[in-house]
Amino acid sequence: MKQTQLLRGVLEGCVLAIIAKGPIYGYELMQALHGYGFTSIAGGTLYPLLAKLEHQGALSSRSVASPEGPTRKYFSLTTQGFENLTAFQTQWAAFGAQVAAVMEAIDDEKSRR
Amino acid sequence: MKNPEDETKLDTLQRQLTSANRAWFSRLRLFMWLEGWARDRSAVASQLLAMMQDLLDAQRDGASAESFFGQEPKAMAKAILRELPLLPVLTWLRIGGSLVWFSWFAALLLAAGRQPGLPIKGLTMGLLLALTLVGGYAIIKLLSALPYATVKQEKWLWHGSGMVMLFWLIGTVWLLVRQPGSALIIPAPLDLAVIALTFGLSFVIGWRLNRLFRLGTSAIPIVLMLLLWAGAALVQQYLADNGQTLSLTLAWWVVGIGVPLLLLYFGFSVWSIYQSNRLTKHLSRKAKH
């Protein structure tokens, strides 16, 4: 299965989690995602997601001048964003445990054979 | 931040891109402007600016626009646009008002002088409004396909836009000449006041648009054309109200006022074209250097 298909449901949560650490701009966020191994993520996926989260009120943004280059648009989590992240973490914990249980059962069955 | 500021920044930053990245981003920018015609202009500009700033960082690290944004810029742009706010209500009211005004103005212009009392036809105005809405929407849709069209498609899209404009023009002329529907007659001398008021308000709207788009002297031919139309409509309606034909004295007055206005109109039109050509040449020379 392609990484992009698996990512569809969880990317939003991952993005919220990274932004929760502190204000971050688009390119920096992309590099952070690549650093975590999500190398298939391109701007075509990230920018619509950021626009969606900002539209939903989960993110706020502000322009900050940079000495190294052009002004950058920094994203931060709003209260709504933190609530969304907490909800994702709860759902992911339950979902992850369910998937792990299924995988464990398959592994047990394989080892018994 | 205001839209013009973001637009200027975009222009400045775009020059810092490599030629390949600049071409890629120019397409995206044009597509987002055309496809996002109903979206808040400042939100679109702000979004593009943020993406441009990130692209410059990516470029500094050796990435191309295509590798940074991915293979599907059109789908990305559409997905982003869906999340951006629509144009403010006031802008929609202005657009709607301008279209209604155009229908009223055009129908009035061609109705003047047909009979004693000015015939106002609601159906004609409604159809004209509908035709302009459909034609305008079709042209925007065709033009928004241009940035990502192949050379062959591009040719067809230009032809398509031309055809839509031609149909709109034919339909408009037909509606204005035939003026279908039943008429509400505005009696004399109120009809002359309505014509004068219509043109007076057109000048006010034109003046405000001129200030908004900083057209400067290039708007003079339009003003002269409006003056000519206003004069012709008023004279025609005055004659129709009084059951008169054009007398020799009145004809001299019309020629005396109309001909200089017409000459001024053509003079300013030629001058405007000359000025815009000079500016284009100057800008292209500047771009080369």
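These legends walk through several close-up views of a predicted model.

Residues are numbered from 1 along each chain as its sequence is written, chains are lettered from A and ligands numbered from 1 in the order in which they are written. Because the model is predicted, local features need pLDDT of at least 70 and side-chain atom pairs count only at pLDDT 80 or more, while totals for chains, interfaces and linings use all residues.

**View 1. Confidence along chain B.** Chain B has a mean pLDDT of 85, and 92% of its residues reach 70 or more; pLDDT is the predictor's confidence in each residue, from 0 to 100. Confidence in chain B is highest in helix α5 (residues 73-83), at 94, and lowest in helix α11 (residues 248-288), at a mean of 71. Helices here are DSSP runs (H or I, at least four residues), numbered from the N terminus. For the complex, the predictor gives an ipTM of 0.85 and a pTM of 0.76.

View 2. The 20 residues of helix α3 (residues 41-60) of chain B should span 28 Å at 1.5 Å a residue, and the end C-alpha atoms are 29 Å apart, which agrees. The expected span is 1.5 Å times one less than the number of residues. In α3(B), 15 of the 20 residues are buried, meaning that 20 or more other C-beta atoms, placed from the backbone, lie within 10 Å of a residue's own. After α3(B) comes B:G62, with a positive phi near 90 degrees. Where the chains meet, 20 residues of chain B are in contact with 17 residues of chain A; contact means C-beta atoms, placed from the backbone, within 7 Å. On the chain B side, α3(B) gives the most, with 8 residues.

**View 3. Two packed helices in chain A.** Helix α3 (residues 26-35) and helix α4 (residues 43-56) of chain A pack at an angle of about 120 degrees, with their axes 11 Å apart. Axes are lines fitted to C-alpha atoms over the stretch in contact, and angles run from 0 to 180 degrees between N-to-C directions. Residues making this contact include A:L29 and A:M30 of α3(A) and A:L46 and A:L50 of α4(A).

**View 4. Around B:L142.** Look for B:L142 in helix α7 (residues 122-144) of chain B. B:L142 is buried, with 20 other C-beta atoms within 10 Å. Leaving aside neighbours within four places in sequence, B:L142 is in contact with B:L157, B:G160, B:S161 and B:V164. Between B:L142 and B:G160 there are 7.2 Å in space, C-alpha to C-alpha, though the two are 18 residues apart in sequence.

Methods:
Buried ≥ 20, exposed ≤ 12 C-beta atoms within 10 Å, placed from the backbone. Contact = placed C-beta atoms within 7 Å.
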